[in-house]
Amino acid sequence: MANKPVKEEEPEIIYIPDEEGNEEEFEVIMRFEVDGSDKKYMMLVPVVASEEEEESDEVYAFRYEEEGDDLQLFTIDDEEEWNIVEETFNTLMEEMDEEVTP
């Protein structure tokens with residue numbers, strides 16, 4: 001089974017540049033590793049700038065590497081890798097729901 005997601009009291013925010021070079025704000029909702037792999041993944045959601053904007057249901061997945069304070073994000077282009085990440089994320093979300101709702 002995968003490692004438990006890291007739960008933090010204050011949201012972890014990262015900034016990712018879009019195609020035009022504007023930095024977009026994202027909240028890290030989960031970090032995890034897949035068993036049998038040394039790869040690390042994070043799930044992000046866009047931070048809504050104002051109450052007038054609709055909340056987004058979009059969740060973005062990235063493979064990441066950390067070197068000191070540097071964080072590098074990599075898109076997941078391989079379909080097999082994507083399926084593993086999606087399955088792990090869904091399993092972890094189900095486990096979190098079960099903890100909240102006994």
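The structure is a predicted model, in which local features need pLDDT of at least 70 and side-chain atom pairs count only at pLDDT 80 or more, while totals for chains, interfaces and linings use all residues. Residues are numbered from 1 along each chain as its sequence is written, and side-chain values use heavy atoms, with hydrogens and water left out.

**Overall fold**
- The protein chain has 1 helix and 5 strands, which run β-β-β-β-β-α from the N terminus on; helices (H or I, at least four residues) and strands (E, at least two) are DSSP runs, numbered from the N terminus.
- Of its 102 residues, 25% count as buried, where buried means under 20% relative accessible area, exposed over 50%, and partly exposed in between (1.4 Å probe, protein chains only).

**Aromatic rings**
- There are 2 aromatic pairs, counting rings of Phe, Tyr and Trp (its six-membered ring) whose centres lie within 6.5 Å, with planes under 30 degrees apart called stacked, over 60 edge-to-face and the rest tilted.
- One of them joins F26 and Y60 edge-to-face, at 5.6 Å centre to centre and 90° between the planes.
- Because F26 lies in strand β2 (residues 23-33) and Y60 in strand β4 (residues 60-67), this pair ties together parts that are 34 residues apart in sequence.
- F26 is buried, with a relative accessible area of 8%, whereas Y60 counts as partly exposed at 30% relative accessibility.

**Strand β1**
- I13 has its place in strand β1 (residues 12-17), and I13 counts as partly exposed at 32% relative accessibility.
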